[in-house]
Amino acid sequence: MANRNSLPKHVWRAGIILLTADGLGTNAIKRGTGRSKSVCGAGRSGSCRKAWTACYATRSARLAAKPIDGGVIERLVALTAQDPPGETTHWTAGMMAKAAGISVSSVQRIWQAHGLQPHRVRRFKLSKDPEFVPKLRAIVGLYVNPPAHAIVLSVDEKSQIQALDRTQPGLPIKKGRAGTMTYKRQGTATLFAALNIVEGKLIGRCMQRHRHQEFIRFVNAIEAEIPAGRIIHVILDNYGPHKHPKTRAWLGRHPRFVFHYTPTSASLLA
């Protein structure tokens, strides 16, 4: 009765039964609980007391259930680390419950206690680049310990950006209606960006296409913005325009630029 999460009807019914056990009559229980005479009489009936007794007996039996054997838990954890039978991709709680001979809720509790999530899979790429280690050391070294009299730029592109233009002012929000807007498509654009990792400054340009011509125009913009006399280390991925013959020819004419290409990726592993 002291549990604040108990339903009110359970509370006053339990009060009637307790007062009945103390030997009080219907009228006394009526005055003590504020309930009607018929309600108090029904609460004192033998069937009501038997129902409450059975309810608490069942609850006590559930609370007194035996814990799962440690061997069963170890077997369940070992099975979880193995492939499920048949063509199933991963263990489910129902499958594991049948295999271990316990309930689904018990399987879920054991998985949660051991931090196991059979439905989740993480993947990563394994690089087979023969120059993986030198590239890794060069790039990580530039990020961790940038040269004192040089600039390190992390360069990338975002292509296929929707170029949208408003055709007319939108209607404001009001009750029962969200704000509106109308637009027309103007094709796509590509964003070229170079992040100065030391100063946190960004050099960016938007261009219509994503070719080596546009990339050369972008590095020319970088050349114009950075003061002369400073070495520029540029970290790039292996996209085609970055390694185009004309891009390499441009690089040969600008000796203060040093390109660092990230390692190539290969197989996808789970």
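Predicted model: local features only at pLDDT ≥ 70, side-chain atom pairs only at ≥ 80, totals over all residues.
Gln-160 is found in strand S2, which covers residues 150–168. The phi angle of Gln-160 is near 60°, a positive value in a residue other than glycine. Is Gln-160 buried or exposed? Its relative accessibility is 60%, and exposed means over 50%, so Gln-160 counts as exposed.

Let me now turn to the protein as a whole. The protein has 10 helices and 7 strands. It comprises 270 residues, of which 26% count as buried. The accessible surface comes to about 18700 Å², and 55% of that belongs to carbon and sulfur atoms. As for contacts between residues at least 6 apart in sequence, 59% of them join residues at least 24 apart.

My last topic is a pair of helices. Two packed helices are described by the angle between their axes and the distance between the axes. Helix H9 spans residues 212–225 and helix H10 spans residues 245–253; they pack at an angle of about 20°, with their axes 9 Å apart. Angles under 35 degrees count as roughly parallel, and therefore H9 is roughly parallel to H10. The crossing in which H9 passes H10 is right-handed.

Which residues of H9 and H10 meet? From H9 come His-212, Phe-215, Ile-216, Val-219 and Asn-220, and from H10 come Lys-246, Thr-247 and Trp-250. The residues of this contact divide into 4 nonpolar, 3 polar and 1 charged.

Conventions:
Residues numbered from 1 in each chain as written. Heavy atoms only, no water. Helix = DSSP H or I, 4+ residues; strand = E, 2+ residues; numbered from the N terminus. Buried < 20%, exposed > 50% of the residue type's maximum accessible area, 1.4 Å probe, protein only. Contact = heavy atoms within 4.5 Å. Areas by Shrake-Rupley, 256 points an atom, 1.4 Å probe, with all protein chains shown as cover. Axes fitted to C-alpha atoms, helices over the stretch in contact; angles between N-to-C directions. Parallel < 35°, antiparallel > 145°, perpendicular 65-115°, else oblique. Left-handed = near helix turned anticlockwise from the far one by under 90°. Nonpolar A, V, L, I, M, F, W, Y, C, P; charged D, E, K, R; others polar.
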